[in-house]
Amino acid sequence: MLRLIVDTNLFHEFRPLEDLPWAELGELDCIELIVTDVVQTELDEHKKSTRARLKRTAIKLTKQFREMLLAQQSELEIRASEPRVILSLSDMNFGSETYGTLDLGNFDDQLVAIAKRLADRYDDGSVRLFSNDTRPMRKAVGVGLKLIAIPDEWQRVDEQTDEEREKLRLANENKRLRSQEPILELSSDPLVVLELILPIYAPLSDDEIDQFMDRLVEKNPKETDFARDKTNNARTALFGGVTLGITQYEFKEAASEDVEAYLEVSYPQWEKTCREKLQDAHSHLTALAHEFTADFLLSNTGTRPADDVLLTIAAKGALLVMPPAYKSEDNDEEENETELAALVFPSAPKAPQGKWKQLRTSMFDFGASRDPFGLGHTSHLGLNRMPYVPTPKNPNYFYYEDRPNIYVNSFALTCAQFRHAGEPEVFKCKCIVDGRAEDLDGKSAIVEITVEASNLSDPVRQKLIVRFRANQENTFEAVSEIISEGPL
């Protein structure tokens with residue numbers, strides 16, 4: 001038999017008595033849980049507690065104690081065997097003994113005093129103080145009372161307060177509502193952070209500009225022979241140019257005013273333009289290197305389409321953004337409507353040349369129109385024209401709200417219904433650095449995409465952080481490569 005003088009915390013801080021692993025206390029036939037008078041009194045007081053769990057536990061226990069008394073039962077069976085566990089009530093008072101260091105005005109000391117008296121009464125070594133609080137355990141040791149600490153593993157899972165339960169209810173409700181929403185996911189390429197090197201080009205010196213001008217003129221020399229077509233043209237006067245059915249030609253020299261315009265205006269202007277390009281080469285090279293493209297991928301992995309979607313791409317910091325250029329109808333390649341002023345040298349003007357002029361056409365030439373008055377056609381009357389019918393927008397496509405053709409702080413697209421479980425939608429964004437490389441070295445900027453929808457609780461965002469690092473480059477080498485490889 002093991003008699004445990006229980007502390008009040010056994011009822012409030014640990015699992016229900018019937019759920020505790022009593023066998024862990026040793027190989028015992030029976031364990032008696034003795035509820036002393038001071039514990040019963042404290043439980044009565046806890047029935048008025050403002051703490052819901054404390055109050056509920058106290059009411060349950062005192063009701064069981066009352067039923068025991070009314071039924072004139074001396075014990076309440078908690079567990080039938082292995083080991084058998086019973087609960088009993090004790091009227092033992094703490095008495096007048098002080099046991100040295102006990103303060104009988106304190107609840108813990110009163111409990112220890114009662115436990116000591118019961119231990120002295122049974123005098124068989126079966127009594128233990130059963131508590132988890134440090135103070136009564138320390139006091140028990142001080143008076144020579146044996147004790148068993150309630151194992152920490154027996155503690156109950158903290159019960160939620162009304163406020164915590166309400167938070168959980170709201171969280172579950174929010175989760176339920178979100179399960180009926182689209183699930184939009186964003187990613188970017190480059191991923192999260194882009195390290196952007198900003199080259200710094202110094203202006204070319206006058207000597208370097210003169211060197212490049214010599215190379216450009218060497219590749220495009222000024223023409224002096226303006227009659228080359230006379231000997232190179234394949235149209236020679238065969239058969240004397242008089243034979244029936246053969247077209248006749250006559251060679252005309254290049255007009256003197258055209259030759260003068262080429263020598264005095266066109267070619268000098270080309271040289272001037274090339275020199276200006278070289279003088280400002282460092283600016284062209286820097287501007288071209290400050291542009292880059294970012295891709296954003298949007299997917300809907302939920303079970304609902306997103307309605308009335310608004311997608312915004314914005315630049316924050318020393319950046320500007322714009323949509324990619326339109327695609328040509330005849331070519332999949334994008335046509336840059338706002339191409340940066342890259343370092344491209346103009347083609348040299350073509351020198352005027354003499355030309356072969358047609359004098360007479362054979363009588364058998366039927367190339368003229370057989371219907372010179374258009375009598376066989378009715379298109380001039382508008383009879384073949386179809387009425388204009390505007391093409392309706394596809395509700396599943398993204399359309400620009402106001403597509404800019406220059407760099408701006410932000411732009412937006414809309415979609416009436418972004419379908420779910422489809423391929424990700426790719427949004428390309430052209431970006432340009434808005435500042436001097438020297439001033440931005442070590443700094444950062446952000447390109448942010450935000451997606452909102454009428455059936456989406458919170459916007460979805462993805463940020464691409466752009467970190468700038470300035471680096472000095474060789475202008476002479478860069479220009480030399482352009483001139484060597486360029487189609488001049």
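Helices (H or I, at least four residues) and strands (E, at least two) are DSSP runs, numbered from the N terminus. The model is predicted, so local features need pLDDT of at least 70 and side-chain atom pairs count only at pLDDT 80 or more, while totals for chains, interfaces and linings use all residues. Residues are numbered from 1 along each chain as its sequence is written, and side-chain values use heavy atoms, with hydrogens and water left out.

Select Pro83, which lies in the loop between strand 3 (76-79) and strand 4 (84-89). The peptide bond from Glu82 to Pro83 is cis, with omega near -15°.

Glu75 is partly exposed at 32% relative accessible area, and Arg84 is partly exposed at 27%. Here, buried means under 20% relative accessible area, exposed over 50%, and partly exposed in between (1.4 Å probe, protein chains only).

**Second stop: the loop between strands 7 and 8**

Move to Pro190, in the loop between strand 7 and strand 8. The peptide bond from Asp189 to Pro190 is cis, with omega near 10°. Leu191 lies in the loop between strand 7 (184-189) and strand 8 (193-201). Leu191 counts as exposed because its relative accessibility is 64%.

Which residues form a nonpolar patch on the surface? Select Leu191, Val192 and Val193, which together have about 260 Å² of accessible area. Patches are made of residues with over 30% relative accessible area and no salt bridge, like charges being joined within 9 Å and nonpolar side chains (Val, Leu, Ile, Met, Phe, Trp, Tyr) within 5 Å. The areas come from the Shrake-Rupley method with a 1.4 Å probe, and for residues only the protein chains shown count as cover.

Select Arg467 and Glu195, whose side chains meet in a salt bridge (3.6 Å, N to O). Arg467 lies in strand 18 (residues 460-473) and Glu195 in strand 8, so this pair ties together parts that are 272 residues apart in sequence. Arg467 is partly exposed, at 38% relative accessible area, whereas Glu195 is exposed, at 53%.

Arg3, Glu32 and Asp124 can be selected next: salt bridges that share partners join these residues into one network. A search of the whole structure finds 16 salt bridges.

Another pair to display is Arg135 with Asp109, a salt bridge in which the closest N and O atoms are 2.4 Å apart. Arg135 lies in helix 5 (residues 134-142) and Asp109 in helix 4 (residues 107-122), so the pair ties together parts that are 26 residues apart in sequence. Is Asp109 buried or exposed? Asp109 is buried, with a relative accessible area of 0%, while Arg135 is partly exposed, at 28%.

Asp120 is found in helix 4 and is partly exposed, at 42% relative accessible area. Display the C-alpha atoms of Asp120 and Leu145: they are separated by 9.6 Å, and the two residues are 25 apart along the chain.

Continue to Asp123, in the loop between helix 4 and strand 5 (127-131). Asp123 has a positive phi of about 50° although it is not a glycine, and it counts as exposed at 66% relative accessibility. Asp308, in strand 11 (residues 306-316), also has a positive phi of about 50° without being a glycine. Asp308 is exposed, with a relative accessible area of 54%.

Select Pro16, Leu17, Glu18, Lys60 and Leu61, which lie nearest the centre of the second largest pocket among its 17 lining residues. On a 1 Å grid over the protein atoms alone, a pocket is an open set of points where a 1.4 Å probe fits, with protein on both sides within 12 Å along at least five of seven lines; lining residues have an atom within 4 Å of a point. About 290 Å³ of space lies in this pocket. Grid points are joined across faces, edges and corners, and the volume is the space filled by probe spheres set on the points.

Helix 1 (9-13), helix 3 (52-70) and strand 3 (76-79) each supply at least two lining residues. The largest share, six residues, comes from helix 3. By class, the lining has eight nonpolar, two polar and seven charged residues; Ala, Val, Leu, Ile, Met, Phe, Trp, Tyr, Cys and Pro count as nonpolar, Asp, Glu, Lys and Arg as charged, and the others, Gly among them, as polar.

Terms used: A salt bridge is a side-chain nitrogen of Lys or Arg within 4 Å of a carboxyl oxygen of Asp or Glu.
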